[in-house]
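Subject: Structure for you to look at

Hello,

Here is the structure I said I would pass on. Please open it first; my notes follow below.

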Amino acid sequence: VTIGVAVKSAVGGAMDLQQNQTSIRHFMGVGNAGKDKNALDSMANDYSSWLVNNANLTPFSTAEVMAGGAKALTATGGNVAKAQQMIKRAEDMAGLMGKPLEQAIDALMDIELGQYARLTEFGISAEGGAKGESPEEVLKEIDRRFGGGAEKLSQSAKGKMSTAMGKISSSLASIGTAFLPIMANMFDGISGLVDSITPKITAFAGKVAEAFNSFAQSQQASQ
């Protein structure tokens, strides 16, 4: 049973990792359209590795940080340095306030648009527009309030436990990656089988319906 649970966890983690890596590679290409495929692959792999290592040092899971990393990459137009800065800032905010990482990232994405309503969830009241605070001023206030929060949390007992569990999950996901090609081929086979038998099932169902209809008509005629 224990081995089964471990394999399930490994494969599930690997699937999540693959999904997030695919999103990151896509958005890396969108934001850096002038670069060739090899360069984009390398950039996406490096960024993904940074996100995994970062997740292991924070109260957030690898899946959360990877998904947030894809969002941040979209918001920054494929600028890796700015995306990393956004992730760190979001981790400080969400960690200290006990909020989901995605919520902090959404709030930071809104700031770029001059929209500050989501910041009230983090205790910050700001106004946009010509007479309001600029995005730079708001970010400076966020850093003043929350800067270094995730790092401090990582030193707590719960933070250290999160780091240990994160490393275990990352290791299991790496192991599970080896199973993904096998599972992909298996699912392709299942899909092909379903495609091949569906017409036969449909035809059989049609004949059953036709026979039932004929029987019902004959019964009505005999009454």
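How many aromatic pairs does the count come to? The model is a predicted one, and in it the count comes to one aromatic pair. That pair is Tyr 47 and Trp 50: the ring centres are 6.5 Å apart and the planes stand at 5 degrees, so the rings are stacked. Both residues belong to helix α2, where they sit three residues apart, or about one helical turn. Tyr 47 is buried, at 1% relative accessible area, whereas Trp 50 is partly exposed, at 22%.

For Ile 142, setting aside neighbours within four places in sequence, the contacts are Arg 89, Met 93, Leu 108, Ile 111, Leu 119, Ile 124 and Gly 147.

Next, the packing of α2 and α3. Their axes are 9 Å apart and the angle is about 135 degrees; the two helices are therefore oblique to each other. The crossing of α2 past α3 is right-handed. Tyr 47 has a part here too: on the α2 side the residues are Tyr 47, Ser 48, Leu 51, Val 52, Asn 54 and Ala 55, and they meet Thr 62, Val 65, Met 66, Gly 69, Ala 72 and Leu 73 of α3.

Regards

Technical notes:
Residues are numbered from 1 along each chain as its sequence is written. This is a predicted model: local features need pLDDT of at least 70, side-chain atom pairs count only at pLDDT 80 or more; totals for chains, interfaces and linings use all residues. Side-chain values use heavy atoms; hydrogens and water are left out. Contact means heavy atoms within 4.5 Å. Rings of Phe, Tyr and Trp (its six-membered ring) pair if their centres lie within 6.5 Å; planes under 30 degrees apart count as stacked, over 60 as edge-to-face and the rest as tilted. Helices (H or I, at least four residues) and strands (E, at least two) are DSSP runs, numbered from the N terminus. Buried means under 20% relative accessible area, exposed over 50%, partly exposed in between (1.4 Å probe, protein chains only). Axes are lines fitted to C-alpha atoms, for helices over the stretch in contact, and angles run from 0 to 180 degrees between N-to-C directions. Angles under 35 degrees count as roughly parallel, over 145 as roughly antiparallel, 65 to 115 as roughly perpendicular and the rest as oblique. A crossing is left-handed if the near helix is turned anticlockwise from the far one by less than a right angle, and right-handed if clockwise.
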